[in-house]
Amino acid sequence: MKLLSDILYKVSLEEVIGSTHTAISSVTFDSRNVKKDTLFIAINGTTVNGHQFIEKAISLGAVTIVCEVLPVQLNENITYIKVKDTSYALGVIACNYFDNPSEKIKLVGVTGTNGKTTTVTLLFNLFKSLGYSVGLLSTVQNKINNTVIQSTHTTPDALSLNELLNEMVKQGCEYAFMEVSSHAVAQNRIAGINFTGAVFTNITHDHLDYH
């Protein structure tokens, strides 16, 4: 359990309705994952607007709602946090919830159109061969030393990312090498993350329709 006021550290708040001295058991932006004492973040995504699921989240046990637009009818038992950009707030909240793991590990991000996977894999293998305890986050797989963790995105969402980094810290990793897609940067998936170093491989016409 985390105290809401601690989870909101460094989040740019526009309005707070209700108490921030609330115990939070979990954080999610997917209403299907809401349980008792959850903080639900309503993300206005490309296909789905999470604000449509605020009432559902409350019915499932959410006690705090982070949103860009406050509901017309407010529940007096719920704390509402209004922010300008919920996707950015999600990143900062995720960092706080998992005790800011990127500040406890030397994290190197690799971005560019091509070569990200190759670069992080080479760096991971190099530092591992030098005797360091190392983490890897890539399109192909995520690894904590010799343990392989399934990868679903080039760059995980902010919650998954901080959970992985936190596990790396717990297992004694000194370094972590991470692919950072341009989409992840644009979508605030690395908001709040502290990078020790960065590598830029190249840029081509790919994704210029998106950016």
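**View 1. Ring pairs link Phe127, Tyr132, Tyr175 and Phe177 into a cluster in this predicted model.** Rings of Phe, Tyr and Trp (its six-membered ring) count as paired when their centres lie within 6.5 Å; planes under 30 degrees apart are stacked, over 60 edge-to-face, and the rest tilted. Six aromatic pairs are found by this rule. One of them, Tyr175 with Phe177, is stacked, with 6.3 Å centre to centre and 5 degrees between the planes. Local features need pLDDT of at least 70, and side-chain atom pairs count only at pLDDT 80 or more, while totals for chains, interfaces and linings use all residues. Residues are numbered from 1 along each chain as its sequence is written, and side-chain values use heavy atoms, with hydrogens and water left out.

**View 2. The surroundings of Tyr175 include the charged end of Lys106.** This end sits over the Tyr175 ring, 5.6 Å from its centre (NZ of Lys or CZ of Arg within 6 Å of the ring centre and within 35 degrees of the ring normal). Both Tyr175 and Phe177 are buried (under 20% relative accessible area, 1.4 Å probe, protein chains only; exposed is over 50%, partly exposed in between).

**View 3. Five strands form an open, mixed sheet in the order β2-β7-β6-β5-β4.** Strands are DSSP runs of E, at least two residues, and helices runs of H or I, at least four, numbered from the N terminus; two strands pair if DSSP finds at least two bridges between them. β2 (15-17) and β4 (26-28) are edge strands with a single partner each, so one side of each has no neighbour in the sheet.

**View 4. β4 and β5 (residues 38-41) run parallel, joined by three bridges.** Ser26 stands opposite Thr38 in β5.
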